[in-house]
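Hi,

Here is the model I promised to pass on. Have a look at it first, and my notes follow below.

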Amino acid sequence: MSRLLLVTGGSAGIGAATCRLAPARGWERVVVHYGRDREAAEAVAEEVRAEGAEAHVLGADVADPAQVVELFAELTALAPGPLDLVNNAGIVAPTGALADLTPERVRRVFEVNVFGAIEVARQAVAYMRAHAGGGIVNVSSVAARLGSARQYMDYAASKGAIDTFTLGLADELAAEGVRVNAVRPGLIETGIHAKGGEPDRLARIGHTPPLGRAGTAEEVAESILWLLSDRAGYVTRSILDVGGGR
Ligand code: NAD
């Protein structure tokens, strides 16, 4: 049976680019997961179908464990089979220094980026154990390495947690043949920057990455799908920077 690709946050940005590219990279079945924007997810699914693959759309707030459990129950009913997971859904809070990092803000960032990603992985691995496993790619950020002082230290810390989680999960699953890796995107042109309160961010620091430009969502998608592919069959426990040298 052909492998199934589940992309969380597949309705926009890096997740949507990964869904769109998946048929060309060999996936015949794609599940576009979304948080709130079902319409956008449906549009991505339509593009996946136009590439000749089967596409499904499933919603869940990854920060709500009950919704994540329901997501995998729906997945089991819809499309059982070997699963590859792109743990991509994430948020960034507006730019701010330490004084801006209120408990409410930090809690939400960690609820989505860390608790959500861990619960999605937990349910996905249970699914893999029942239906055969593929691989997992967690989407981190170069912020995990840089720290991002006075910008979004809470976001950076949440991605640091994802890096460490990736290592532990890779260790646990290696004996089962499930490879676990992460990508650390740098400055990538997606809508997340406007949500972070920095609509002019690309214009302001777009020249900063050593490669001289912001990256595209498609460039991150290529790395994600390579890590999940058999061509990366001996790669696990790796964290790949896709940051233009940043
Ligand atoms: P985006 O805002 O375009 O996409 C984020 C996706 O996550 C959306 O589909 C959104 O609906 C989903 N999402 C957010 N909160 C959710 C929730 N509670 N439940 C379910 N879905 C939820 O941003 P993007 O740039 O494509 O980001 C994708 C990933 O890449 C994120 O994890 C982000 O931290 C990471 N990243 C992005 C950049 C960048 O420069 N764009 C850099 C480093 C890391």
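Let me start with one residue, bearing in mind that this is a predicted model. Apart from its neighbours within four places in sequence, Val32 is in contact with Val7, Gly10, Ser11, Cys19, Ala41, Val44, Ala45, His56, Val57 and Leu58. Val32 is also among the residues with the most contacts inside the largest nonpolar core, along with Leu5, Val183, Ile224 and Leu228. That core has 34 residues. Two or more of its residues come from each of β1 (4-7), α1 (13-21), β2 (29-34), α2 (38-50), β3 (54-59), β5 (133-139) and α9 (217-228). Helix α9 gives the largest share, 7 residues. There is also a second, separate core of 27 residues, including Ala60, Ile136, Leu169 and Ala170.

Then there's α4, which runs over residues 103-131. From first C-alpha to last, this helix reaches 39 Å, close to the 42 Å expected. It does have a kink of about 40°, centred on Glu111. Just after α4, Ala132 takes a positive phi of about 85°.

As for the whole chain, I count 9 helices and 7 strands. Its radius of gyration is 17 Å, close to the 18 Å from the globule rule for 246 residues, so the chain is as compact as a globular protein of that length. The C-alpha trace spans about 50 × 35 × 35 Å along its principal axes, and 51% of the residues count as buried. Of the contacts between residues at least 6 apart in sequence, 76% join residues at least 24 apart.

Cheers

Technical notes
Residues are numbered from 1 along each chain as its sequence is written. This is a predicted model: local features need pLDDT of at least 70, side-chain atom pairs count only at pLDDT 80 or more; totals for chains, interfaces and linings use all residues. Side-chain values use heavy atoms; hydrogens and water are left out. A nonpolar core is a set of buried Ala, Val, Leu, Ile, Met, Phe, Trp, Tyr and Cys residues joined through side-chain atoms within 4.5 Å. Buried means under 20% relative accessible area, exposed over 50%, partly exposed in between (1.4 Å probe, protein chains only). Helices (H or I, at least four residues) and strands (E, at least two) are DSSP runs, numbered from the N terminus. Contact means heavy atoms within 4.5 Å. The expected span of a helix is 1.5 Å times one less than its number of residues. The bend at a residue is the angle between axes fitted to the seven residues ending there and the seven starting there. The radius of gyration is taken over C-alpha atoms; the globule rule is 2.2 Å times the number of residues to the power 0.38.
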